[in-house]
Amino acid sequence: MEVWMRGPVEGITPMLQPVAHALLQAREEVNILLVHFPEEKLWIKPQGMASVDFHLQHLRGVLDRLFTYARNEQLDEGQLTQLRSEGVPSTQTVATLVAAFNTQVDIALAQLKDTNADALLLPRGIGRKQIPSNVLGLLFHAAEHTMRHTGQLLVTARMQGSGD
């Protein structure tokens, strides 16, 4: 049964339930498919598509960045370095990359629990150019972007024989 069919996530305002459900669904799917994914295939780009390693790095990074903007904060040097490293082969293992994504989902869920429904339409700026958005827009985009890359990751992993 998909996460959204299991009912509300405790402690999260009803307006943000779809965000929580999407993040939890992505986490479940990533963990199930990649449990036996071969390390030697992490950086293979089948048909020129993004690698499994890239998607795992990007999933964690984009959640961190978008939730940072939702808190009305700017990215720090560590986040900018991480952004620049997405797409560069890493020495991390599948387990390490999946664990980092899982941790980032936990951090995001904690922030969702701390987000008051009254704050959802507060304006937020994205990046140095301060592209206009709001808290809800950033959180929603984090969820949909996570699901988009999760789908791409799952297709890429299956094309390579995920080992499951």
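Predicted model: local features only at pLDDT ≥ 70, side-chain atom pairs only at ≥ 80, totals over all residues.
Residues are numbered from 1 along each chain as its sequence is written, and side-chain values use heavy atoms, leaving out hydrogens and water.

What does E28 form with R6? The two make a salt bridge, and their closest N and O atoms are 2.6 Å apart. This pair links distant parts of the chain: E28 sits in helix 1 (residues 17-34), R6 sits in the segment before helix 1, and 22 residues separate them. E28 is partly exposed too, at 29% relative accessibility. A salt bridge here is a side-chain nitrogen of Lys or Arg within 4 Å of a carboxyl oxygen of Asp or Glu.

## More charged pairs

Side chains of opposite charge can pair when their charged atoms come close. By the salt-bridge rule, the count comes to six.

Another of these bridges joins the side chains of R27 and D106, with 2.5 Å from N to O. Is R27 buried or exposed? R27 is buried, because its relative accessible area is 18%, whereas D106 is partly exposed at 42%.

R71 and E73 also meet through their side chains in a salt bridge, at 3.2 Å from N to O. R71 is partly exposed at 36% relative accessibility, and E73 is partly exposed at 37%.

## A buried glutamine

Now look at Q82, which lies in helix 3 (residues 77-85). Its relative accessible area is 14%, so Q82 is buried.

Which residues does Q82 touch, not counting those up to four places away in sequence? They are Q57, R60, G61 and R65. A contact means heavy atoms within 4.5 Å.

## A nonpolar patch on the surface

M1, W4 and M5 form a nonpolar patch on the surface, and together they have about 410 Å² of accessible area. M1 lies in the segment before helix 1, and with a relative accessible area of 70% it is exposed.

Patches are made of residues with over 30% relative accessible area and no salt bridge, joining like charges within 9 Å and nonpolar side chains (Val, Leu, Ile, Met, Phe, Trp, Tyr) within 5 Å. Accessible areas come from the Shrake-Rupley method with a 1.4 Å probe, and for residues only the protein chains shown count as cover.

## The whole chain

Time to step back. The chain has five helices and two strands, arranged along the sequence as α-α-α-α-β-β-α. The radius of gyration is 16 Å, close to the 15 Å that the globule rule gives for 164 residues, so the chain is as compact as a globular protein of that length. That radius is taken over C-alpha atoms, and the rule is 2.2 Å times the number of residues to the power 0.38. Helices (H or I, at least four residues) and strands (E, at least two) are DSSP runs, numbered from the N terminus.

The C-alpha trace spans about 45 × 40 × 25 Å along its principal axes. Of the 164 residues, 48% count as buried. The accessible surface of the chain comes to about 8,500 Å², and 60% of this belongs to carbon and sulfur atoms.

Technical notes
Buried < 20%, exposed > 50% of the residue type's maximum accessible area, 1.4 Å probe, protein only.
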